[in-house]
Amino acid sequence: MKITALLVLKCAPETSDPVILANASDVSHFGYFQRSSVKEFVVFVGRTVASRTPPSQRQSVQHEEYKVHAYNRNGLCAVGFMDDHYPVRSAFSLLNQVLDEYQKSFGEAWRSAKEDSSQPWPYLTEALNKFQDPAEADKLLKIQRELDETKIILHKTIDSVLARGEKLDSLVEKSSDLSMASQMFYKQAKKTNSCCTIL
Amino acid sequence: MRQGPCSEEGCFTVLKLFEHVLESDPLINEVGFIHPSQFNLLDEEAGSSSVYQNELQPNNETSRKFWNQDHKLGISTDILVQLCKDAKHVFLLAFEEYKRHGNACNESQIENFSCSPGTPEIEVMRHSQAVLLLSSDFGTAWNARKLILSKKDQLSAFTKELRLSELILSNSPKSESTWSHRRWIIKMISQRFSTPQVIITKESELVESIGERSKMNYRAWYHRCWLVSYMAIEQVIQELNKSKRWAGLHVADSSCFHYRRRLMLKILESLYVKGGNAYDKSEARKIWKEELDWNKELVERYVGREALWLHRRFLSLNWIIYFACNDLDVSPEPGESIIMNEEIAIFIDNEIHLLESSMIVPDTKFEDFQAQALHAGVYMLWLTKKIPELWRMVEEKLGTEKVKCVLSTIAQERPSLLHHLVNV
């Protein structure tokens, strides 16, 4: 069971792209040369999913080996990159907690954020470590009654989150979040995700 | 002698550089293909000062070809294709030379005193290593190595080969030729020397770490299952215990449970070994019961996971046939009817309770309760197909309404499966 990354973003209707307020990721289980690309992808996918998560909505998107869970609470959005094994309920429980803690620590200051923050938020890094075990997230469930009343939308692919006519490939190409190296890595990964590799 | 497109000294400098880097750092444990723009970033992240320069490469971003620090080796994609072609070309030349003259020097070389013992062989090994790191499925290169290795009589040659194969897997974890070559090495080791248990244990751990990084890696897990045939029963039990934690953290991964089934099958096989070496049945029974209880915990905790229910099919069926039946000294015949007894009745009763509680679908979209109901229903239906006598018990205990509910759940999601299971 693994959490690869936790993000907090500002999603406001007037900005076209969500702004990243906090980012904690653990890419140590990836190949040495892929780690920086993975970090970039977390930012890219996080922004893409967050911008397509309307306020008060929860959704989960299956993307390659992750499930990306997103919860937009009145413009403040928490996104988690978990694996297939991590229970969905525990994931949303954690995202809820992250949003509560963020507002406790920073109040409403985020509403005026215009640029990605590069400052690490210690709580988020701690949470990333602590909640690797979903049992910890389940402890939170006992105090979170509101979780039961909301529905979540499940997407089998990231394509179903995109608008009609939008393709992931072209978003990848146009994205300023992804370096040349990551673009190459993306194309390569598409080919090698099948069982056979031909160089 | 065939000439390449240019004189031998001028050409293949990049290949020579590649082979030199490999030889100068024998502890390289990971290889990857990198974009040229990554060189500076990698330097920064590795914390190297600007003083570090690979003396063989100019410190000019446009001509950096290899990145080697902390025992990692990155190969620039700019040079990759040409390097691979060159490596293949040089390897094939060397292999031709080796096949023509064996490991002996040819006459002109002896006359010129330019031959040193072992050169053709060393050349083949050096160049095949280079080409396989770039293109792991090149069969001819693997075969050349097999040919040369089969003439070796030191264990160290084979363990060194395992290390190379592991390095290749770091970049191509799904390469069938590489996994197959590993099996060849292990077979050779077990034929010529004994099979140290340590090697099998390390292989098993390797698959687990590769399975962690590389999802849906059927070839890696097949390899792990293959290892079981080399395990003594004590090691089988050890493996079962050691891999339990990983399985519990990867409940969506069917492969790791498939591996557990392979181990448990080996336990079953060992129950009926003749000559007084049979494994103790009461011990096996304990292990089986533990696995059933653990599976139940997982099924209840992680709702709607098909891999867990598939595992339960195997566990329950074999529990009924091998352990709950009246004690037999011989292996049950396939297709033999099950004689119902109290123990089986109690077991089925518990399974029906599990089914009943799994059929409850609360109105929340969080957990996959719908999937749980489906998998539980399919599980029960599958069991009754394997052991027809059970169907009557299920009908009696559940009652017609609930049975209809189970069948309609399956009909909704998997109509063809229902058709297959219900058809006599």
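How many residue pairs are in polar contact between chain B and chain A? I noted first that this is a predicted model, and then found the count to be ten residue pairs, with both residues at pLDDT 80 or more.

Next I looked up the extent of the interface, where 39 residues of chain B are in contact with 34 residues of chain A. The buried area between the two chains came to about 3,100 Å², and carbon and sulfur atoms give 58% of that area.

I then turned to charged pairs and found three salt bridges across the interface of chain B and chain A. In a salt bridge that I checked by name, the side chain of Lys215(B) meets that of Asp84(A) at 2.6 Å, N to O.

Finally I followed β1(B) into its sheet, an open one of three strands in chain B with the order β1-β3-β2 and mixed pairing. The edge strands are β1 (30–34) and β2 (66–69) of chain B, each pairing on one side only, and the twist from one strand to the next averages 15 degrees. Between β1(B) and β3(B), residues 72–76, I recorded parallel pairing over five bridges, and I noted that Ile34(B) has Ser76(B) in β3(B) as its bridge partner.

Note on methods. Residues are numbered from 1 along each chain as its sequence is written. Chains are lettered from A and ligands numbered from 1 in the order in which they are written. This is a predicted model: local features need pLDDT of at least 70, side-chain atom pairs count only at pLDDT 80 or more; totals for chains, interfaces and linings use all residues. Side-chain values use heavy atoms; hydrogens and water are left out. Two strands pair if DSSP finds at least two bridges between them. Helices (H or I, at least four residues) and strands (E, at least two) are DSSP runs, numbered from the N terminus. Axes are lines fitted to C-alpha atoms, for helices over the stretch in contact, and angles run from 0 to 180 degrees between N-to-C directions. Contact means heavy atoms within 4.5 Å. Buried area is the accessible area (1.4 Å probe) that two parts lose on being put together, summed over both. A salt bridge is a side-chain nitrogen of Lys or Arg within 4 Å of a carboxyl oxygen of Asp or Glu. A polar contact is a pair of N or O atoms within 3.5 Å; within protein, one must be able to donate a hydrogen and the other to accept it, and residues adjacent in sequence count only if both atoms are side-chain atoms.
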